[in-house]
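Happy to walk through this one with you. Have the sequence and the 3D view open, and let's go through some questions together.

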Amino acid sequence: SHDGILQSAVSQPLPIPTLDEAMQRTFILADFGCAYPRFLQNDHQISPPSLRAPEVFLGAVWDEKVDIWSFGCLVSKSPIFPSCFCELTRPLEIYELVTGRILFRHEENTTQMLDSEENMLYQMLCYTCEDFKSEQLSVSPRAGNYFDSTCNLVANPEVVGCPFELCIEAHGILEEADIAPIAALMKRCMRLDPKNRASAEELLADPWFTGVE
């Protein structure tokens, strides 16, 4: 300012509403600063790494289904990892929405000797309890960097199933009856093959959204 005093505004976290408050509020999603039109296919790594869909890591053609995957990550954040996932045990980041933790860690896995991108694909296998199919990998230019001819990770880590239900249950935040519907919604969002993911219209009809206007 003119008097020589430096002033600055510090960003503050938004208060987290209770469930009753949240159901009475109107939420508006914004921030399209990093949005890309579907026809603009290039080597740019869209989406933050922890929310990035598998087809983007694999260099395949992507569409709006990458946003469905990201939404599934946001319905979710998780501190539970089998010991083979990572040496770290600190909490991670609609997983983030429900638990306040992150589901995927974009970091090296020293236990399994995986770099950050290999570890992301490894976690996807463990959480979804699915396998990448040859049909998907054959049209993914970077698949050969990570997978062998049998559709297994070249690094050959021990794949341990850690389904969404187990991740959510570990937090002890939700009643047991609430876990299955949320896990089911996440499964519809987070299929390894984008062709198998639900559309936005289909998700709006999911039982988890019953009563939400």
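What follows is a set of questions and answers about this predicted model.

Q: How many helices and how many strands does the secondary structure of the chain come to?
A: Let's begin with the order of the elements: from the N terminus on, they run α-α-α-α-α-α-α-α-α. The secondary structure of the chain therefore comes to nine helices and zero strands.

Q: How many of the 10 residues of α3 are buried?
A: The buried residues in α3 are Lys-65, Val-66, Ile-68, Trp-69, Ser-70, Gly-72 and Cys-73. Helix α3 is thus mostly covered, and the count of its buried residues is seven of 10.

Q: Are helix α3 and helix α8 roughly parallel or roughly antiparallel?
A: Helix α3 spans residues 65-74 and helix α8 spans residues 176-189, and their axes come within 8 Å and cross at roughly 155°. Angles over 145 degrees count as roughly antiparallel. Because the crossing angle is beyond that cut-off, α3 is to α8 roughly antiparallel.

Q: Which residues of α8 make the contact with α3?
A: On the α3 side, the contact is made by Ile-68, Trp-69, Phe-71 and Gly-72. Taken together, the contact residues divide into six nonpolar, one polar and no charged. The α8 side consists of Leu-185, Met-186 and Cys-189.

Q: Is Gly-72 buried or exposed?
A: Gly-72 lies in helix α3, and its C-alpha atom is separated by 8.6 Å from that of Leu-51, 21 residues apart along the chain. The relative accessible area of Gly-72 is 0%, so Gly-72 is buried.

Q: How many disulfides does the structure hold?
A: A disulfide needs a pair of cysteine sulfur atoms within 2.5 Å. Cys-73 is in no disulfide, since the nearest cysteine sulfur, that of Cys-189, is 8.9 Å away. For the structure, the number of disulfides is zero.

Q: Is Cys-189 buried or exposed?
A: Cys-189 is in no disulfide, and the nearest cysteine sulfur belongs to Cys-73. Cys-73 counts as buried at 2% relative accessibility. The relative accessible area of Cys-189 is 0%, so Cys-189 is buried.

Q: What is the phi of Cys-129, roughly?
A: Most residues other than glycine have a negative phi. Cys-129 lies in the loop between α5 and α6 and counts as partly exposed at 48% relative accessibility. Its phi is positive although the residue is other than glycine, with a value near 60°.

Q: Where is Cys-151, which has a positive phi of about 70°?
A: Cys-151 is not a glycine, yet its phi is positive. At 19% relative accessibility, Cys-151 counts as buried, because the cut-off is under 20%. Its place is in the loop between α6 and α7.

Q: Which residues does Leu-121 touch, not counting those up to four places away in sequence?
A: Leu-121 is found in helix α5 and is buried, with a relative accessible area of 0%. Leu-121 and Tyr-146 are 25 residues apart in sequence and 8.5 Å apart in space, C-alpha to C-alpha. The residues touched by Leu-121 are Phe-57, Leu-58, Phe-132, Tyr-146, Phe-147 and Leu-153.

Q: Which residues is Ser-140 in contact with, leaving aside its neighbours within four places in sequence?
A: Ser-140 is found in the loop between α6 (134-137) and α7 (164-169). With a relative accessible area of 5%, Ser-140 is buried. Its contacts beyond those neighbours are Leu-58 and Ala-60.

Q: What distance separates the C-alpha atoms of Arg-105 and Met-120?
A: Arg-105 lies in the loop between α4 (95-99) and α5 (116-128) and is buried, with a relative accessible area of 6%. Arg-105 and Met-120 are 15 residues apart along the chain, and their C-alpha atoms are separated by 6.8 Å.

Terms used:
Residues numbered from 1 in each chain as written. Predicted model: local features only at pLDDT ≥ 70, side-chain atom pairs only at ≥ 80, totals over all residues. Heavy atoms only, no water. Helix = DSSP H or I, 4+ residues; strand = E, 2+ residues; numbered from the N terminus. Buried < 20%, exposed > 50% of the residue type's maximum accessible area, 1.4 Å probe, protein only. Contact = heavy atoms within 4.5 Å. Axes fitted to C-alpha atoms, helices over the stretch in contact; angles between N-to-C directions. Parallel < 35°, antiparallel > 145°, perpendicular 65-115°, else oblique. Nonpolar A, V, L, I, M, F, W, Y, C, P; charged D, E, K, R; others polar.
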